[in-house]
Amino acid sequence: MADSCLGPPSISKASPPSLLLRPPSQSLFPFPSFPKPIPRPLVLSMASLQCSSSPPSISNSSPRPSQPSLLVFSGGTAFNGVAEELKKLTTRVAHVLPVSDDGGSTAEIVRVLGGPAVGDIRSRCLRLSDQSNAEALAVRRLLGHRLPLDPQDAKSQWYDIVGGEHSFWKGVSRPYRETIRAFLVYFQNEILRRPNESFCFSNGSIGNFFFAGARLFFQSLDAAIFLFSRVSDIPAESLVLPVISTNDRLTLGCELWDGTIIRGQNEISHPTNGFMQPIDKGCSSAPALPSRIKRVFYMSSEGGKSLHEVFPMVNASVLDQLSNVDCIVYAMGSLFTSVCPSLVLRGIGEIISSRNCPKVLLLNGTHDRETSGFSASGFITSITDTLNRKYGDPDSCLENLIDHSIQHRGKTSWFSPGCYTFFYLKCVTFPMPNQYINTLLVPKDGQIPIDVQCLASQGIFDVVCVLISLLLVAFGLNSGSYIFKQLYGMS
């Protein structure tokens with residue numbers, strides 16, 4: 001399917017615009033003031049393309065301004081490197097993560113014990129955990145450990161850990177040891193209570209087991225996150241929020257443009273053909289999808305029913321944070337299985353489109369199975385369509401009805417550059433892309449085409465070009481902070 005199916009028509013080629021990229025010394029949004037509303041001129045005029053090739057120098061003598069607050073939509077892998085460095089700049093970050101991961105040891109936990117997937121949440125909590133002393137590092141090492149791939153070796157090592165005899169407990173004080181071990185024991189007991197299910201410990205994450213034990217004990221995902229955050233000593237103002245707060249199992253589904261339905265996050269992004277094996281999320285060797293993805297949605301089989309589409313409610317804490325943060329970020333990573341599952345829920349698009357603040361997309365450096373052939377505008381269109389809930393259940397489609405008085409007799413329609421519109425006596429408006437994204441960070445040597453005309457027609461005028469190394473999974477020292485220092489003009 002051509003890119004034209006993913007975005008609005010290209011503007012006239014008579015006067016092609018150029019792409020605006022601000023140099024790093026020029027602040028996009030001088031904190032704490034918000035940007036002015038994006039102008040919508042009839043004639044588009046943008047400055048010439050410039051790229052930053054080196055981080056700005058950081059002066060220690062300058063007084064540090066108040067920490068900016070951010071909300072980041074991401075998955076549990078690609079943004080982790082940035083998250084760990086970003087906390088050196090600000091700890092006021094709300095990390096919003098999906099609960100539909102069904103790969104690795106998460107899949108085995110969900111298969112045997114049910115409940116939401118906790119792998120992405122555990123992964124982000126570990127990245128935010130304290131590393132300031134020996135005990136903090138020992139706790140992080142324990143909760144970040146994965147068991148061997150061989151099932152028998154994995155089970156043997158697990159018994160040593162849950163029995164408190166493994167060397168991984170070295171350096172963990174008695175209060176921490178008893179707290180962590182209590183929930184590992186609870187997790188083990190829950191497995192033993194299900195004799196008809198044989199649990200495979202291969203490549204299992206100790207952090208996932210601890211998380212699952214806490215959730216089962218408290219019967220609350222939020223309580224489990226709170227406990228994990230306290231045990232790993234995450235700063236109180238750093239929030240890890242499941243986009244859906246539930247104790248039920250949710251499956252991610254997607255509909256392709258050719259009508260094909262794919263069930264399961266792993267099957268969409270990294271299919272394993274039914275084999276249990278470690279997932280290499282940095283590898284894009286999976287075969288291409290037969291057609292591009294049209295939409296993502298949630299499915300459930302709770303209550304004894306067959307797998308069917310459901311419309312879960314968004315976590316109220318996410319909406320609260322979204323309404324108050326200084327900046328909204330869509331992270332790099334798997335677009336349809338890491339970012340869009342958080343955007344498709346009711347209430348998310350409504351709040352984002354109403355906010356007058358920086359809304360930043362960190363563009364991927366390469367294509368993957370989900371975005372093969374996409375241009376930059378294709379990413380933006382997919383995010384816009386997801387937030388507008390454009391496809392699927394028409395009752396869920398984001399529609400803002402406003403009264404409109406017809407001022408010219410005989411006219412039954414009216415056009416506004418700010419929205420797609422169709423009018424009779426009332427106006428149905430669908431937020432435009434630039435109401436969801438007003439800034440684009442582009443890797444300098446990335447493989448995603450930057451289609452200038454389509455970006456201009458979407459109202460995207462602010463684009464920052466950075467070294468691709470700053471947007472990779474493995475970030476160097478201060479690279480994650482550098483991105484946001486550019487964004488807020490901090491030096």
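In what order do the seven strands of the open sheet stand? In this predicted model, the order is β3-β2-β1-β8-β9-β13-β14, and the pairing is parallel.

- From one strand to the next, the twist averages 20°.

**Strand β1 and its two partners**
- Strand β1 (residues 70-73) runs parallel to strand β2 (residues 93-97), and four bridges join them.
- Four bridges also join β1 to β8, again in parallel.
- Phenylalanine 73 stands opposite valine 96 in β2, and its bridge partner in β8 is tyrosine 330.

**Strand β8**
- Strand β8 (residues 327-330) is covered on both faces: Cys327 and Val329 lie on one side, Ile328 and Tyr330 lie on the other, and all are buried.
- Three bridges link β8 to strand β9 (residues 359-362), and these strands run parallel.
- Within this pairing, valine 329 stands opposite valine 360 in β9.

**Helices α5 and α6**
- Two packed helices are described by the angle between their axes and the distance between the axes.
- The axes of helix α5 (residues 151-162) and helix α6 (residues 174-192) cross at roughly 135° and come within 10 Å.
- Because of this angle, α5 is oblique to α6.
- Helix α5 contributes Trp158, Tyr159, Ile161 and Val162 to the contact, while helix α6 contributes Arg181, Leu184, Val185, Phe187 and Gln188.
- Of these contact residues, seven are nonpolar, one is polar and one is charged.

Methods
Residues numbered from 1 in each chain as written. Predicted model: local features only at pLDDT ≥ 70, side-chain atom pairs only at ≥ 80, totals over all residues. Heavy atoms only, no water. Axes fitted to C-alpha atoms, helices over the stretch in contact; angles between N-to-C directions. Helix = DSSP H or I, 4+ residues; strand = E, 2+ residues; numbered from the N terminus. Parallel < 35°, antiparallel > 145°, perpendicular 65-115°, else oblique. Contact = heavy atoms within 4.5 Å. Nonpolar A, V, L, I, M, F, W, Y, C, P; charged D, E, K, R; others polar. Pairing = 2+ DSSP bridges. Buried < 20%, exposed > 50% of the residue type's maximum accessible area, 1.4 Å probe, protein only.
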